[in-house]
Amino acid sequence: MTRHLRNIAIIAHVDHGKTTLVDAMLKQSGVFRDNQVITERVMDSNDLEKERGITILSKNLSIHHGGLKINIVDTPGHADFGGEVERVLKMVDSVLLLVDAFDGPMPQTRFVLKKSLDLGIKPIVVINKIDRPGARPEKVVDMVFDLFCELNADEEQLDFPVIYTSAKQGYAKRELADESDNLEPLFLMIGERVAPPTADPEAPFQMLVTSIDYNDYLGRIATGKIFNGSVKSGETISLIKKGGEISKGRISKLLGFEGLKQVELEEASAGDIISIAGFDNVGIGETLACATHPKSLPYLAIDEPTLSMNFIVNSSPFAGREGKYVTSRNLRDRLMKELRTNVSLRVEETANTDTFRVSGRGELHLSILIENMRREGYELAVSKPEVILREIDGQKCEPIEYLVIDVPEDYQGTVIEKLGPRKAEMVAMQAMDGINRIEFLIPARGLIGFRSEFLTDTRGTGVMNHTFHGYAPWKGAIPGRKNGVLIAMDAGETVGYSLFNLQERGTLFVPAGVAVYDGMIIGQHAKENDLVVNACRGKKLTNVRASGTDEATRLIPPRDMTLEQALEFIDTDELVEVTPKSIRLRKRLLDENDRKKAGKKAQ
């Protein structure tokens, strides 16, 4: 029954070409018509995925090739979406570990490979981008082997097959010297080296829920692999919760995957990856089983969040001007809706009804949620991200990140010097054609606010990647932002004359002609202290005609911050105000006298 099936996931570091390879496999397996218009990176269906060029949500598809049905899961490559990767690995029997032929293994490569090796999966190593200038495929294969050894792979896993590809050009080779203009060698290798699912079609039905989707008409939709038995549409089955409680329900819809589409099925059997609707309280890691002989599969645990921030109802003077959803009820409903599908997220209500504590796997994980919310018409304010501490064996511990930096030799000293006060510990260094790769273990809080500083120090030539390493004892205090901010003292519209005179005080964040309010941050002060300034004061008119351009105001273009940059920049007494049209920085306490009182109290 399962001999014709192959279930695989494609795992890799961000931007190593997973989604591009899936595109090529779809095109060459006949999923698309010859005259069909196909968008690039067709699996990145979310607007943010297309804009940023990263995969955020794991997605399922299937292709038919040479009598085989190959179920493929395209997974995210960014460490903040590791929760997506962890759970889909339970659905598959092998993985294609994609590695860039120039970059070699990166932090997320290590993370996803460790997860798959721990599950006993035997990967196929795909060295991608072999047509890239500077590609060094043989060297990269050696680096991958070293990584397997470092992660304690067993002998069978160490005997991994290697295939060389150019996903962009759509070809694969078993040996670099081979001639090839298609992906046939890759399809053949999947057929040979990936075992069919080990499942018993005659045993009672068992399915592990590894993904949750939501549909307004069908409710919750649980996706997973059938480990044993078979199931029919309309059948009554059992849901076994994490604690062992069992409830029964009827399947309202049974869905499978054909190409990129979800299709309705009458029946599915062992080894198939399917979706089931009809259970509104189903969760990740739980088991759907036979109604008469319900037997649970091992619960699938997901790594806990490492970073949290407060989502607060927008209370600025501009609240409600741009957003459609502005109340605490709107905010709460949206966060609870997100919990239905975002498995790595945690939401807690606080003593203040207008504030919710939201925890996730990293800054990007939380900022993607905020960005989606503002595009949907929500207004909110968010606080500075904070790491989640744990007590382990009576000792205060904090999350540690594994950081890899690729930096030109000229800037290497500056970067190492900057990371010292942030409690980073260097663990390795290697030279690569004028660029040095330096590896560190650093507290997660040491990375907050570092990226923008790093790009400035390396003149935009440095590349940094990091992934969660583990918890370790508290490393001590880390210095925060050195500079203070420029704070607007009055509500009004910024005037070019005022901004021109403020330029020498620091870096401005707003242009002329923008509405500001009392307590809003309009720039970064050149000194350590905060400075309250008047950005709305116009020039006094006189009856003396100005000669030439003596009094012309030439403004330096303001620093335009993205959401991630704003979250990195703010201090503990500041907030980012997020609306569908604007991202503003503000003090938590808008009134200057309130801020002075709070400062004295803190002292």
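This is a predicted model: local features need pLDDT of at least 70, side-chain atom pairs count only at pLDDT 80 or more; totals for chains, interfaces and linings use all residues.
**Figure 1. Lys225 and Asp93 join in a salt bridge.** The side chains of these two residues come together at 3.3 Å, N to O. Lys225 belongs to strand β9 (residues 219-228), while Asp93 sits in the loop between α3 (82-88) and β4 (94-100). The two partners are 132 residues apart, so this pair links distant parts of the chain. Is Lys225 buried or exposed? Its relative accessible area is 7%, so Lys225 is buried. Asp93 has 21% relative accessibility and therefore counts as partly exposed.

**Figure 2. Glu398 meets Arg445 in a salt bridge.** Here the N to O distance between the side chains is 2.4 Å. Look for Glu398 in strand β24 (residues 395-408) and for Arg445 in helix α11 (residues 444-447). Glu398 counts as buried because its relative accessibility is 0%. Arg445, at 15%, counts as buried too.

**Figure 3. Asp406 pairs with Arg437.** The closest N and O atoms of this salt bridge are 2.8 Å apart. Asp406 lies in strand β24 and Arg437 in strand β26 (residues 435-443). The partners are 31 residues apart, and the pair links distant parts of the chain. How accessible is Asp406? Its relative accessibility is 9%, so Asp406 counts as buried. Arg437 is buried as well, with a value of 2%.

Figure 4. In total, the structure holds 29 salt bridges.

**Figure 5. Helix α1 crosses helix α7.** Two packed helices are described by the angle between their axes and the distance between the axes. The axes of α1 (residues 18-28) and α7 (residues 184-193) come within 11 Å and cross at roughly 95 degrees. That angle makes α1 roughly perpendicular to α7. To find the contact, look for Leu21, Met25 and Gln28 in α1, which meet Leu186, Phe187 and Ile190 in α7. What classes of residue make up this contact? There are five nonpolar residues, one polar residue and no charged ones.

Methods
Residues are numbered from 1 along each chain as its sequence is written. Side-chain values use heavy atoms; hydrogens and water are left out. A salt bridge is a side-chain nitrogen of Lys or Arg within 4 Å of a carboxyl oxygen of Asp or Glu. Helices (H or I, at least four residues) and strands (E, at least two) are DSSP runs, numbered from the N terminus. Buried means under 20% relative accessible area, exposed over 50%, partly exposed in between (1.4 Å probe, protein chains only). Axes are lines fitted to C-alpha atoms, for helices over the stretch in contact, and angles run from 0 to 180 degrees between N-to-C directions. Angles under 35 degrees count as roughly parallel, over 145 as roughly antiparallel, 65 to 115 as roughly perpendicular and the rest as oblique. Contact means heavy atoms within 4.5 Å. Ala, Val, Leu, Ile, Met, Phe, Trp, Tyr, Cys and Pro count as nonpolar, Asp, Glu, Lys and Arg as charged, and the others, Gly among them, as polar.
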